[in-house]
Amino acid sequence: MSGNSIIKVEGLSKQYMLNKNAVEKSDTLYGSFLSGLKNVKNIARKKETEEFWALKDVSFEIQAGDRVGIIGRNGAGKSTLLKILSRITPPTTGRIEVTGRVASLLEVGTGFHGDLSGRENIYLNGSILGMTKQEINRKFDEIVAFAEVERFLDTPVKRYSSGMYVRLAFAVAAHLEPEILIVDEVLAVGDIAFQKKCIGKMKDVSTNEGRTILFVSHNMAAIQNICDKCIYMKNGQLIDYNATELVIPKYLMSSQASSTIVLADRTDRMGNGAVRFQSIVYKDAVGNVINNAQCGSALNIVFTMLADPKFDLSYLNVSVGIDDENGQRITQLNNNNTNQVFEKFNAGTFVVNIHIPVVPLKGGTYTIAIFASVNGEVADWIQEATVLPVEAGDFFKTGKLPEESQGNFYINHSFSM
C-alpha cells in the first residue's frame, strides 16, 4: 500500500452458488404444504447449482481523505463490495488492506440491537469502533442533536420508524470519528431535509477532518455534490475509476436497454401520414447516445422521420410535449415557437434534432408526446411515444443539491443587493 493509501483492493472476487432447484416459499398454509411436497420430491434429485460472480477481479486504491462515489445499475456489485470492505462478508478471491476504523451504514438495521434503546446503541456502536466511554460521552450530545431523536432516546430502537432509525444510525456513524465512513443508498429512506443534512456532514468530515468517504447512490446530484472521485461498476466488474465529472457521463451513456426507441410499427397514432416518426434517440452534448438525460446538462432529442412523396412537403412543424409522472403537461418544445419551421424538405428519411442546452427538469421519469404537421394538417401524432428518464444533477453548478420538492423544474436566476 502506498504511503497515503487507506484502502487497497487487489483482484477482489465474490462468488455465490445459486440453487436452481429451490422452491419458492408461500405465505399460505396450503401453499406451504405444496412447497413441502415439492421439496420432498427434490430430495432424490441431484442438487443443481449455478455459479454467480457478484464481483470479478476488482482492483483499486483509495487515498486518505478521498470522497469516492460508487455508481452502477442494480446488480452491478456495489453493495457486495461495501459488505466486503466492511468485513461483513469475506471475498472468494483477492485481498483488501484497510487502515483505520470503519463505520458502515449499509441498510436499515445494520449495527443496532433492536431491544436496546437509542442511548444504549450509541454506546454499543462506539465500543465496537474501539472508542472509550469518555470518547463517546464527548460526542453523545452532538449525536442526539443531529439525529433529532431526543424524545425517543430511551425507547428500544425496534419501535423506531425507518426514518428515525436511519437518522440515529447515520449520526452515530458520522460522529464517532471513524477514519473511513461507508454509506449505502440507505439515506434514501430519510426525508429530503435530512438527506441534505447528511450530505453536508459527509462533506464536512471529509474536507475539515480528513476522513475518507465511500458513498453508494443512484442520485447523480448527490454523487456530484459529495464525491471528488467515482467508481463505476457493471456486472460485478470495475469499468472506470476517475474524477467524478469524467465517470458520470460514461455511466449515463451505458444501459442494458436499447438506446433507440423504435416508432415505425406503432399503431396508436393519428394523422394523414405525410411524415411519420420512425425512431427517437437521446444524445449528450458531444453526440454520445444516452438512455438518461441529466438535470443541468445538455440533451439532444433526435428523431428519424420518413416523408411520403405523394404529399406536398412544405412547412413541417414538429412538437414535443413533456408530461410529468401525474400526466400533467409541464412544457412543450415546438419549432414554430422558435421560428425555425422547415419550409421545404425532401421525401424519404431525414433527421430532426431538438437541442436543449440545459435540462431544467428535476430527477424523475417523464412521458413524451410527439406531433408533426405538414402544411397545417396533422401528419403524425403519438400521445405516449416514450419516456424520458432524467437523473438529478447540479443544475445551478454550485455543488449544492436543488430542492426537488418545490416544483417540476428549475429556472436560472441570480440575486443582488
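Trainee: How do the residues lining the largest pocket divide into nonpolar, polar and charged?
Mentor: Keep in mind that this is a predicted model. The lining of the largest pocket is made up of 25 residues. Nine of the lining residues are polar and 16 are nonpolar, which leaves the charged group with its count: none.

Trainee: Which elements give two or more residues to that lining?
Mentor: The residues nearest the pocket's centre are Leu 333, Asn 334, Ile 354, His 355 and Ile 356. The elements that give two or more residues to the lining are β15 (314–323), β16 (329–334) and β18 (348–356).

Trainee: Let's move to Lys 14. Which side chain of opposite charge is nearest to Lys 14?
Mentor: Lys 14 sits in strand β1, which covers residues 5–19. Lys 14 is buried and has no salt bridge. A salt bridge needs a nitrogen and a carboxyl oxygen within 4 Å. The nearest side chain of opposite charge is 13 Å away, and it belongs to Glu 51.

Trainee: Which side chain does Lys 14 join in a polar contact?
Mentor: Lys 14 has no salt bridge, as we said. There is a polar contact of 3.3 Å, though, and the partner side chain is that of Thr 89.

Trainee: How many salt bridges does the structure hold?
Mentor: One of them is between Asp 154 and Arg 119, at 2.8 Å from N to O. Asp 380 also forms one with Arg 276, with the closest N and O atoms 3.4 Å apart. The total for the structure is 17.

Trainee: How many residues apart are Asp 154 and Arg 119?
Mentor: Their side chains meet in a salt bridge. Asp 154 is in the loop between α4 (133–147) and α5 (162–175), while Arg 119 is in helix α3 (residues 118–128), so to speak distant parts of the chain, and the gap is 35 residues.

Trainee: Is Asp 380 buried or exposed?
Mentor: Asp 380 pairs with Arg 276 in a salt bridge. Asp 380 lies in strand β20 (residues 377–391) and Arg 276 in strand β11 (residues 275–283), so the pair ties together parts 104 residues apart in sequence. Arg 276 is partly exposed at 26% relative accessibility. Asp 380 has 0% relative accessibility, so Asp 380 counts as buried.

Trainee: Where does Lys 344 lie, the partner of Asp 312?
Mentor: The side chains of Asp 312 and Lys 344 meet in a salt bridge at 3.5 Å, N to O. Asp 312 is in the loop between β14 (299–307) and β15, 32 residues from Lys 344, and Lys 344 itself is in strand β17.

Methods: Residues are numbered from 1 along each chain as its sequence is written. This is a predicted model: local features need pLDDT of at least 70, side-chain atom pairs count only at pLDDT 80 or more; totals for chains, interfaces and linings use all residues. Side-chain values use heavy atoms; hydrogens and water are left out. On a 1 Å grid over the protein atoms alone, a cavity is a set of points where a 1.4 Å probe fits but cannot get out, and a pocket is an open set with protein on both sides within 12 Å along at least five of seven lines; lining residues have an atom within 4 Å of a point. Helices (H or I, at least four residues) and strands (E, at least two) are DSSP runs, numbered from the N terminus. Ala, Val, Leu, Ile, Met, Phe, Trp, Tyr, Cys and Pro count as nonpolar, Asp, Glu, Lys and Arg as charged, and the others, Gly among them, as polar. Buried means under 20% relative accessible area, exposed over 50%, partly exposed in between (1.4 Å probe, protein chains only). Lys and Arg count as positive and Asp and Glu as negative; His and the chain ends are not counted. A polar contact is a pair of N or O atoms within 3.5 Å; within protein, one must be able to donate a hydrogen and the other to accept it, and residues adjacent in sequence count only if both atoms are side-chain atoms.
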